[in-house]
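Here's a quick tour for anyone opening this structure for the first time. Have the sequence and the 3D view side by side, and let's go topic by topic.

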Amino acid sequence: MPRPTSPSSRPDQVPGLAARALAMRAIDGVLARNVALEDAFEASSLEPRDLALARMIAGVAMRRYGTIGTILDGLLAKGMPRKSGPLEAILITAAAQILFLDVPDHAAVDLAIRLARQDDRAQAFSGLANAVLRKVSAQKAEHLAAVPPEADTPAWLLERWRRHYGEDTARAIAAAQRFEPPLDLTVKTDAAGWADRLGGRVLPTGSVRLAHHGPVSALEGYAEGQWWVQDAAAALPARLLGRVEGLAVADLCAAPGGKTAQLAQAGARVTAVDRSENRLIRLRENLGRLGLEAAVTAADILAWKAAPFDAVILDAPCSATGTIRRHPDVAWSKSAGDVAAVADLQRRMLGRMAELVKPGGLLVYCTCSLEAEEGEDQIARLLAGGSHFTLEPVTPADIGGLEGAITPQGYLRTLPSLLPDPDPVMSGMDGFFAARLRRAG
Ligand SMILES: C[S@@+](CC[C@H](N)C(=O)[O-])C[C@H]1O[C@@H](n2cnc3c(N)ncnc32)[C@H](O)[C@@H]1O
């Protein structure tokens, strides 16, 4: 039975407590059950202000979880107590505020103690929590200086990136992921005009970049459907199909529809396929707001039958390690086993593509993963196995001159460390892989 809480400590009556409680539950969900942070927020009924605060706290806590964990470990002489329920998530929630947010330390500590006291298992450790958090607060700068930047990337991921990209690039990727990303928009037309109106800048690849971290629906042009949110790297794979006006194009694994919108805007007759009905609701809403059209189909593409298309883009489900800047929980909720499982699914999806692309037609395969198994290795295996496809190398002209994003083999490989800027929050792009293949005629 949950213990009754005293009226003065009910989350809805203590200012700020509900936001901390939600942040703590979201963090606990990632660390204890591999639940995505967003799932905790989507199910919440908190006021928008509290929800935004909870998102901010949990976001920075996951982005800097390696640093926070190292500092807490150093202060817990006997390690995290066993059977202490959400104590670890409570400490992380408070330490994230103390170390990285502009919140009075005493408020962060006080609210953490209230959360601990509300939980049957954690309450016995509220004194310990108080002592540890006061030590975090007392020597912030010293604690932070003692932790190397790589601590915020799990060792297994860093090791893979070292093997595939080399030491310097692996470190640069890890460093880029410690900062919140900018907001990138794909605009229908007039990128320079929208950059001007929204106070942003046009990237060489054509996206408009803003340093904006609030809700986007209040920004000019959103309601009128003049642009959509899409990371600069995510906007590149659809462009590899070249001129698509009047062509029949299948967008496979399409929801929430960023690439569908690009292709429809470019004049293609798009068929958007995804197996998730829920995500297709968002795709339809997005297309509706943008005033764009596509034929939308809910189906598992491993079983879907259709007459072949002039061109196909397959944005396969992946480990999403290229999006850790945007979704820092991905770093801590995924494992090497997850990479192997999605790589197997991607291989099976690619195996079906010859049926769906007309002879002479184009296929673009892409993933938002930094892992070679989900990118380079997939295409190398496909091409080595007597495939119907040949590689059409990506050229700088395809992607706004971003030569650094093209590999010697002719693949597109964007990294969070590309597009550097003196302001780290205006730097970088998601990690994407894409290959362009032509089916034999
Ligand atoms: C990376 S997301 C796609 C993002 C989208 N292309 C965009 O640009 O907005 C991957 C999508 O694959 C879908 N998916 C996963 N397995 C699938 C399958 N077997 N058949 C169809 N869709 C699938 C998921 O529901 C998810 O929406």
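Axes here are lines fitted to C-alpha atoms, for helices over the stretch in contact, and angles run from 0 to 180 degrees between N-to-C directions. Helices (H or I, at least four residues) and strands (E, at least two) are DSSP runs, numbered from the N terminus. Keep in mind that this is a predicted model: local features need pLDDT of at least 70, side-chain atom pairs count only at pLDDT 80 or more, and totals for chains, interfaces and linings use all residues. Residues are numbered from 1 along each chain as its sequence is written.

**Helix H1 and its partners**

- The axes of H1 and helix H6 (residues 105–117) come within 10 Å and cross at roughly 65°.
- That makes H1 roughly perpendicular to H6 (angles under 35 degrees count as roughly parallel, over 145 as roughly antiparallel, 65 to 115 as roughly perpendicular and the rest as oblique).
- On the H1 side, the contact uses Leu17, Arg20, Ala21 and Met24, and H6 brings Leu111, Arg114 and Leu115. Two residues are in contact if their C-beta atoms, placed from the backbone, lie within 7 Å.
- Sorted by class, this contact of H1 with H6 has five nonpolar, no polar and two charged residues. Ala, Val, Leu, Ile, Met, Phe, Trp, Tyr, Cys and Pro count as nonpolar, Asp, Glu, Lys and Arg as charged, and the others, Gly among them, as polar.
- H1 (residues 17–33) also packs with helix H5 (residues 87–100), at an angle of about 120° and with the axes 8 Å apart. H1 and H5 are therefore oblique to each other.
- For H1 and H5, too, the crossing is right-handed. Arg20, Ala23, Met24, Ile27, Asp28 and Leu31 of H1 meet Glu88, Ala89, Ile90, Ile92 and Thr93 of H5.
- That contact of H1 with H5 counts seven nonpolar, one polar and three charged residues.

**Two domains**

- The protein chain splits into domain 1 (7–147) and domain 2 (183–439), with bounds that come from an automatic or database domain assignment.
- Taken over C-alpha atoms, the centres of domain 1 and domain 2 are 35 Å apart.
- Where they touch, nine residues of domain 1 are in contact with four residues of domain 2.
- On the domain 1 side, H1 and helix H3 (48–63) each supply at least two residues, and H3 gives the most, with three.
- By class, that side of domain 1 has six nonpolar residues, two polar and one charged.

**Annotations and a loop to look at**

- UniProt places "domain: SAM-dependent MTase RsmB/NOP-type" (unreviewed entry) at residues 145–440. UniProt positions are given in the numbering used here, feature names are shortened, and annotations may be inferred rather than shown by experiment.
- The UniProt "binding site" annotation (unreviewed entry) covers Cys253, Ala254, Ala255, Pro256, Gly257, Gly258, Lys259, Asp274 and Asp315. They spread over 63 residues of sequence but cluster in space, with a largest C-alpha distance of 12.8 Å.
- Pro256 sits in the loop between strand S5 (248–252) and helix H13 (258–265), and a cis peptide bond with omega of about 10° joins Ala255 and Pro256.
- Cys253 is in the loop between S5 and H13, and its phi is near 65°, a positive value in a residue other than glycine.

How values were computed:
Left-handed = near helix turned anticlockwise from the far one by under 90°.
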